[in-house]
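Have the sequence and the 3D view open as you read.

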Amino acid sequence: MKLQRKNRLRALSLGAVAVSGALALTACGSDDTGGGSGDSSAPAANSAIKCDDAKGELLAAGSSAQKNAVDAWVKQYTASCKDVRINYNPNGSGAGITNFLQGQTAFAGSDSPLDAEEITKSAEVCKDSQAIDLPMVGGPIAVSYNLPGVDGLVLDAPTLAKIFDDKIKTWNDEAIKKLNPEAKLPSTKILTFHRSDDSGTTDNFTKYLKAAAASDWKYEGGKAWQAKGGQSATGSSGLAQQVTQTAGAISYMELSYAKDAQTVHVKTDAATPVEATVDNATKAIAEAKVVGEGKDLALELNYKPTAEGAYPITLVTYEIACEKGNKAETLAATKSFLTYLASEEGQAILKDASYAPMPEEIITKVRTTVAGLS
């Protein structure tokens, strides 16, 4: 906990959310219902999107895992709500929560729910209330690797734990050979990459290692990487770049970032190793339980599914907002945008961007909670 807090404070030293570093997606004009203005590639206005009184600039920051989903959402939303400008800075879950708790943003994106200390601190920005977690995006955390000539690599939790803890150092190690008896594994050195910034993706990946390989992964876990060895990069995009450019590399990232590399098939207690796909992640996320109190919809994921085809390394990204006490000048835009994200239309476009929609039972609760934001 102290390590996470230290890293978040370090992020604050860089200053407030910088729009120059943000994903700036802007819509102009004043017509709430018209289509794109002069851009034949712009999406048509979506009649299901309710702009209401939404206008002005909406600043948000956090999870880089959901950046590609946010891209798709903002493109559709701003085609209808032309008086709203949305700036989302994918600076990582830890930095995004820090920005929100400092009152710099209207909402935050995080791949892990708020902890007890963060919920208590949120009362400083959520007047007479607290911040709540709204699960909005799901998906697999792919283990991406660069090993020419080796397709469909199979690894299990203990082997992954040893690889990322620098205990297995070459690709032809006996543990990897045993899982891939038909593969021609080279003696190439294994180069692991992890996130340098506080990350919910790191939190969920290490929760999986801790749950499924407890005897091989002795670290406490959290948003900050704790294991020894390996190299670091900023954001999921940074990890993806390192893997594609480095022979022998392996890392963890959301599936939408792993399109240019190979991904590991994970061996579970099921009969067949499981590929990282949206549908396979959905099978595991469907087993999640709501453990938040009151309007908070924090989930407890199952990292050890036994069902055939259930991919065990998953994450859920939460949009974090005040239950009550949201800033008046951005409340309308916040509610309008989050309402679209949770709608059938908003959830439907996730799959095309390599994300998993929330199970119906969960997203129904999200819709009700968003409607009550004040």
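What follows goes from the whole chain to some of its parts.

First, some ground rules: this is a predicted model, in which local features need pLDDT of at least 70 and side-chain atom pairs count only at pLDDT 80 or more, while totals for chains, interfaces and linings use all residues. Residues are numbered from 1 along each chain as its sequence is written, and side-chain values use heavy atoms, with hydrogens and water left out.

**The whole chain**

How confident is the predictor? The pLDDT (the predictor's confidence in each residue, from 0 to 100) has a mean of 88 for the protein, and 88% of the residues reach 70 or more. Over residues 1–40, though, the pLDDT is below 50, and this stretch has 81 contacts in the model beyond near neighbours in sequence. Contact here means heavy atoms within 4.5 Å.

You'll find 12 helices and 14 strands in the protein. These are DSSP runs numbered from the N terminus, with helices being H or I of at least four residues and strands being E of at least two. Of the 374 residues, 54% count as buried. Buried means under 20% relative accessible area, exposed means over 50%, and partly exposed is in between, with a 1.4 Å probe and protein chains only. Take the contacts between residues at least 6 apart in sequence: 77% of them join residues at least 24 apart.

**The core**

A nonpolar core is a set of buried Ala, Val, Leu, Ile, Met, Phe, Trp, Tyr and Cys residues joined through side-chain atoms within 4.5 Å. Which residues touch the most other members of the largest one? In that core of 103 residues, the answer is Trp73, Met136 and Ile250. Strand 5 gives the largest share of this core, 9 residues. Leave aside neighbours within four places in sequence, and the contacts of methionine 136 include Trp73, Leu338, Leu341 and Met358.

**Helices and their surroundings**

Trp73 turns up again where helix 2 meets helix 10: Trp73, Val74, Gln76 and Tyr77 of helix 2 are in contact with Ala333, Ser336, Phe337, Tyr340 and Leu341 of helix 10. The residues of this contact divide into 7 nonpolar, 2 polar and no charged. In that count, Ala, Val, Leu, Ile, Met, Phe, Trp, Tyr, Cys and Pro are nonpolar, Asp, Glu, Lys and Arg are charged, and the others, Gly among them, are polar.

Helix 8 spans residues 235–245, and its buried residues are Gly235, Ser236, Gly238, Leu239, Ala240 and Val243. Their cover includes strand 5, strand 7, helix 7, strand 8 and strand 9.

Now for the loops. Where does aspartate 128 sit? Its place is in the loop between helix 4 and strand 5, while aspartate 166 lies in the loop between helix 5 and helix 6. Leucine 301 is in the loop between strand 13 and strand 14.

| Residue | Relative accessible area | Class |
|---|---|---|
| Aspartate 128 | 82% | exposed |
| Aspartate 166 | 38% | partly exposed |
| Leucine 301 | 15% | buried |

Phi of aspartate 128 is near 55°, a positive value in a residue other than glycine. Phi of aspartate 166, also a residue other than glycine, is positive too, near 65°.

Leucine 301 counts as buried because its relative accessible area is 15%. Apart from neighbours within four places in sequence, leucine 301 is in contact with Asn204, Ala288, Thr314, Leu315 and Val316. Leucine 301 and isoleucine 313 are 12 residues apart in sequence, and 9.5 Å separates them in space, C-alpha to C-alpha.
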